Amino acid sequence: MVNQQLAQNSTTLFHVAFLTYIAAMVAYFFRLAYTRVSADGVTASTAAGRRVGHLATALAAAGVLVHAASVASRGLAAGRVPWGNMYEYSSLMALCAVAAGLVVVQRRFGYGHLMGFIVAAAVLVMASGLLLFTPAGPLVPALNSYWIKIHTSSAMLSSSIFMVGFAATALYLVKDTAERRVAERSGAGYGGSTVGAASVTGAEARPEGYVDDDGQETTVASVYAQRDVLSPVLFPVVPFVVAGVFTLAVWRAPLAALIAATVAAGLGLVSWYAVPYLPPAAKLDNLAYRTIAFGFPIWTFAVIAGAIWAEEAWGRYWGWDPKETGSFFTWVFYASYLHARSTRGWRGRRAAWIAVVAFVALMVTYYAVNLWIVGLHSYIQ
Amino acid sequence: MTQTSARPEAGPGAPPRGPRLPAIPGPLETLSAAWRRLRRMSTALALLFALAAASVVATFVPQEPAIASTVAQWRAGSAGPGAGVSGVLDALGLFDVFGSWWFMALTALLFVSLTGCLIPRYRAFARAARRPPAAGRNLEQLTHHRAIRTALAPPQALDTAERVLRRYRRRRLPASATASGHAQLAAERGRWREGGSLVFHTAFYLLLAGAVIGKAFGFTGQINLVEAKRFADDGAVVSFAETFLAYDAAQPGRFFGLDDHRGFLVTLEDFDVSYHDNLVPRDFVSTVTVSEDGRPVRNGEIRVNHPLVHDGMKLYQARFGFAPRIVVRTREEVLLVDEPVMLGPAGPFWTGSAKVLVGDPDRGEPQLALDLVLVPDAQLDASGQPVIGPSPEPRNPVMLAELYAGDLGLQRPVPASEFDRSGGPVGPPAMLRPGVPADLLGGALTVELAELGYWSGFQVTHAPGRGLLLAAAILVLVGLLPSLHSYRRRVWAEARPEGDGTVVVLAGVALQRKATFTDEFRRLGDALSRELGAPSTSYEGNER
């Protein structure tokens, strides 16, 4: 009843997509490095940067196609929806995040420089999926309901949207810190990015793919100074510790923890390097808000659908099972973020920190609750 | 007071000098200050944080209503951070966060704060809903404006503008009602941003009401039954009447009385568990008959995700296990016990206990009990050692029966499994295969696994308020979408006669998401130009 050939193909395609994403991530980061910042703060790719940028986009798009084929053949192999265990859920979450990144962040908003980070997040999620690999198989009875199509898919979709939102939030905090410090050092008054989306208009909204061919870049010291005002030590160390401790706590796998921590440290270092090329803090804040505001109703729907399913399966709509509790506090943290964003004195950095906490809560709800804490959702691992 | 009286130079008539004590607010002032503070968004944020933090704690600290056994281990110090830390956790009520008084207080405060925030917003929304769009003034000074020349007369030009702005809430203003002295069309949209937010927040009162009603008037009970097809003649529990006393465990709501039970009879005819090839369970199916007044009224299946609803009570498939029929006889062929015993899962085994003989120890009568361990798929490995096979199905069931004798405390009304084992088992355990009797106590007793069947456990619930909860959940979503994704915009079109035709000044402001309004306004202006038949060169204005 499980088509082994298709299942095998799905796994192969998963690995191909995984490697393609890694290549795309590297290409995106190269594209980042081939960027100049001109006098008015407009970032422009060099000719080489543009070529490598096209390569990165092509790789990411190819990865999405291969990945989609992997997910589809997994579903066909098992004869059910392809999100019945944590491996499949992680895989689909990564796929949605990259697809959302390509369509929304790169195409719609034009922030191609963020894509490296989004693809990197997807790669980490897929790596976690490899740790949780489960052979294609039928669903256990508790999961065998049409609600898995509704509840689990919406939870997965909103998680991937929140992932993109987290990338924007974290980069906003980095960029905002840099902008503030540069402004403080140059003695200029600074009132910019705390206003958030309200101030995003006008000249800085130039397309990013603009090519500066004459080579006469007029770099502005203050823009590159954004890198100098940030400590290059903190950037790799904090992600190293956070990712390492989290992976170790959840999986108890030292090697995986070391790899995750190293990758996270590398990402931290890249974000430090990328500071001058990132879109202005106010725009990153706007992107983060719009992404989270898009994901929040979907997450709300997922929680409601989960309650209805729990009523069908277990005879109570809400029992404070660890997973229910986790989805609840994730919801409350994201709700707090949305409230904070419209509260004077909270918008900007403080709101962004709430969004960071909310994303950590989401990760705890997804990984730690499933793998660490015994509850009614434990069978999903 | 002491400060001023301690100063000798301050005469009785002189005004008090030096630092004065702050005025002590009266009780009403304190109340109103507290009310004002509760209404602040930062207070609401702090309360939300506290709520989330409490739930985070409740995720990592086991909760007594959910997993009481783990909590007991934490308290004893055999699991978790140790007995000392557990004592502190216990004192803080962290083993039952969601039932603790401080969590209730937090929720109550949040709702009070919500009420405080909502009342003025309701009022403002009602006022704004009644008030039609206001006239605009100084249109050229707004962030977005544009002048369009047309050959149409002013009233026709405004008719056209109304068509273009059909998705806005509109109001025609005669020339006499505007500051500029020209007729205007005032339009606005995005009112449901605030309206949706109000619906969203109001829905939480309904959620609370639904939850409280469900808790107060609802009922939850658990009952385990053995299969009637095998055990109907053994006097075993194959059916139960839906009454309070029949349940193995029951959690009635405060206002769910004994008379609220339905009294219908549920019989478990058959239980079936099937597995996939890879030994993952495929389905658990309980076939039941519901009878009323002695007559069967319906047959049905209860499966995971497919409860059976009868007379407002929902029956869910909750648990299952093996039910071996144990027959114990004495050497003299006196039947001591012949009944199915419900075994519960314990790792790869199924374990349970049976009372065999309940004598009065004070009169020297013996008490006998059996501890049973069932291995559904016993196998021999290559070297002939018995091992536990991988299958959860009873492919080769083998059961160990261990006899306890003496004063086992069975005269107390305790479940069979809770007899006193301190005396230790008597003799080696008997190994039983279906239908093959085995000796115990050196042949004084024979024990037989006569038949292997299943028992099935049901959760029975009555949950009023579910409809209300569903409605509230829908309102949460319905309100959330516009509150996040609808944006307020105000647009005016003013018709100024010029020569034979009219100059229509279109102007607008965005109250949120101003970045995208530039595009929206350009599209509006282009559409209006087209509809007015204006030459494309007639564009003038500032679209910043």
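Modeller: Cys117(B) is buried, its relative accessible area being 19%, where buried means under 20%, exposed over 50% and partly exposed in between, with a 1.4 Å probe and protein chains only. This is a predicted model, in which local features need pLDDT of at least 70 and side-chain atom pairs pLDDT 80 or more, while totals for chains, interfaces and linings use all residues. Residues are numbered from 1 along each chain as written, chains are lettered from A and ligands numbered from 1 in written order, and side-chain values use heavy atoms, without hydrogens and water.

Colleague: Is Cys96(A) buried or exposed?

Modeller: The relative accessible area of Cys96(A) is 19%. Because buried means under 20%, Cys96(A) is buried.

Colleague: How many disulfides are there over all chains?

Modeller: A disulfide is a pair of cysteine sulfur atoms within 2.5 Å. By this rule, the count over all chains is zero.

Colleague: Which strands stand at the edges of the open sheet of four strands in chain B?

Modeller: The order is β5-β7-β8-β9, with antiparallel pairing; strands are DSSP runs (E, at least two residues) numbered from the N terminus, and two strands pair if DSSP finds at least two bridges between them. Each edge strand has a single partner, so one side of each is left without a neighbour in the sheet, and these strands are β5 (239-241) and β9 (295-303) of chain B.

Colleague: In β8(B), which residue is the bridge partner of Val266(B)?

Modeller: Strands β7 and β8 of chain B run antiparallel and are joined by 10 bridges. In β8(B), the partner of Val266(B) is Val290(B).
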